[in-house]
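Visitor: Please show me the structure, and then let us discuss how its parts are arranged.

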Amino acid sequence: MKNNKENRFPLVVKTLLGLEDVLAQELKEIGTTDITTGKRVVYCRGTKETMYKANYWCRTALHVLKPIASFDINTEEDLYDRINGMKWEELLNTTGTLSVDAVVSNSILTHSHYVSLKTKDAIVDRFRDLFDMRPNVNIENPDLRINVHLSNNKCDVSLDSSGYSLHKRGYRLQTGIAPLSEVLAAGIILLSGWDKKSNFIDPMCGSGTIVTEAALIALNIPPGYYRKSFGFEKWKDFDADLWDKVKTEALDLQTDFEGEIWGSDISERTIDIAMDNARNAKLHKDISFYVEAFQQQIPPEGGGIMVMNPPYGERIKPDDIVQFYKEIGDTLKQNYKGYDAWIISSDLNALKFIGLKPTKKIAINNGPLECKLHKFEVFEGSRYKKPKEDSNPKE
Ligand SMILES: C[S@@+](CC[C@H](N)C(=O)[O-])C[C@H]1O[C@@H](n2cnc3c(N)ncnc32)[C@H](O)[C@@H]1O
């Protein structure tokens, strides 16, 4: 298929706060053009092939939307009329299923659920009027997932080419207590600038999300490799040959990895879960798992990248969390010379007690939790930073 300008169309790719630039780079690498970033979103233009690739390859994408209409509304009747006037029969069969996701900000219509219902009514009424039959709603696995974005009085209507969120990779069988989103894990690894040759360690790996994403990156396996389905596979214009081509090309792009990927955790049960997940992804030979307390751990020689998602303190007492983060800092200084350590936490006060000066601080969200990702470069004589004695552990 020719990637010429004529068959390009706009794409709106959603991500997590803090990962917009990483996603923009990923979208550039797969061949999209006219890339600009917004808050939790990247706009670009692509072909059908790059849309398939964005779903299959972009590790930091949550949803790849294809805009199909944009108009102004002043009343809820405007919304109904404009949606009802669109040729939905070209996109969906009467026997098909649909769902509508709505996002509303500063709009005359304030309830997203109401906007989604109104949109659905306008679509099914059109089918009933034309064919005396209507498609049904299926929230979990619809044939057509429609996205409505209302901001002020501007309404953007898109088709969700991903279907269910792309963070659901399909390799995770079970999780620990506080698993990281796969998209966030991949985003942190890409932000770390890991060279995919040196050692990679997560010493509080829980269910193994970060090390599994690291192995996928090291071996250049697409994050969509394990997924059962994508939204675009049910579209009327689905090109099965093109999709096969995208997947076959990806197989040829897989690489070997000679370095070490280590995941460890103090909890044996959690390591069992991590190993099951890695085995399910057929990555168990690429990751070494250990049951070990971080404070006792000696990482492999030669330096590399360490990414850590320690407990944030929701389940640990404030006094203990300060001591815990102090111990993380002490262990880094003693055992991790030559490593760049990236630590994500929502406990901004506890992070101060690591006692090293971060060389980077990135605002990032883990689900509803506002977090900071701090980078510490650990070397001989690393600068010790004394936390303020009056820091309030509950701050
Ligand atoms: C927030 S969870 C990590 C979740 C993980 N990123 C995932 O996606 O499943 C924190 C983990 O730190 C582990 N942990 C707590 N204290 C530890 C210690 N001293 N040494 C090693 N692991 C520890 C816990 O068992 C837990 O699995």
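Visitor: What is the handedness of the crossing of helix 3 and helix 4?
Guide: This is a predicted model, in which local features need pLDDT of at least 70, side-chain atom pairs count only at pLDDT 80 or more, and totals for chains, interfaces and linings use all residues. Residues are numbered from 1 along each chain as its sequence is written. A crossing is left-handed if the near helix is turned anticlockwise from the far one by less than a right angle, and right-handed if clockwise. For helix 3 and helix 4 the crossing is right-handed.

Visitor: Which residues of helix 4 make the contact with helix 3?
Guide: Two residues are in contact if their C-beta atoms, placed from the backbone, lie within 7 Å. Helix 3 contributes E76, L79, Y80, I83 and N84. From helix 4 come K118, T119, D121, A122, I123, D125 and R126.

Visitor: How many residues of each class does the contact of helix 3 with helix 4 have?
Guide: Ala, Val, Leu, Ile, Met, Phe, Trp, Tyr, Cys and Pro count as nonpolar, Asp, Glu, Lys and Arg as charged, and the others, Gly among them, as polar. On that basis, the contact of helix 3 with helix 4 has five nonpolar, two polar and five charged residues.

Visitor: At what angle do the axes of helix 3 and helix 4 cross?
Guide: Helices (H or I, at least four residues) and strands (E, at least two) are DSSP runs, numbered from the N terminus. Axes are lines fitted to C-alpha atoms, for helices over the stretch in contact, and angles run from 0 to 180 degrees between N-to-C directions. The axes of helix 3 (residues 76-84) and helix 4 (residues 112-131) come within 8 Å, and they cross at roughly 40°.

Visitor: Which strands stand at the edges of the open sheet of eight strands?
Guide: Two strands pair if DSSP finds at least two bridges between them. The sheet has the order 2-3-1-4-8-7-5-6, with mixed pairing. Each edge strand has a single partner, so one side of each is left without a neighbour in the sheet; these are strand 2 (33-38) and strand 6 (136-137).

Visitor: Which residues come nearest to the ligand?
Guide: A residue is near a molecule if its C-beta atom, placed from the backbone, lies within 6 Å of it. The shell around the ligand has 12 nonpolar, nine polar and one charged residues. Of the 22 residues around the ligand, the nearest are M204, G206, S207, T209 and F294.

Visitor: Which residue of strand 13 is the bridge partner of G304?
Guide: Strand 12 (residues 304-308) and strand 13 (residues 339-345) run parallel, joined by five bridges. The partner of G304 in strand 13 is Y339.
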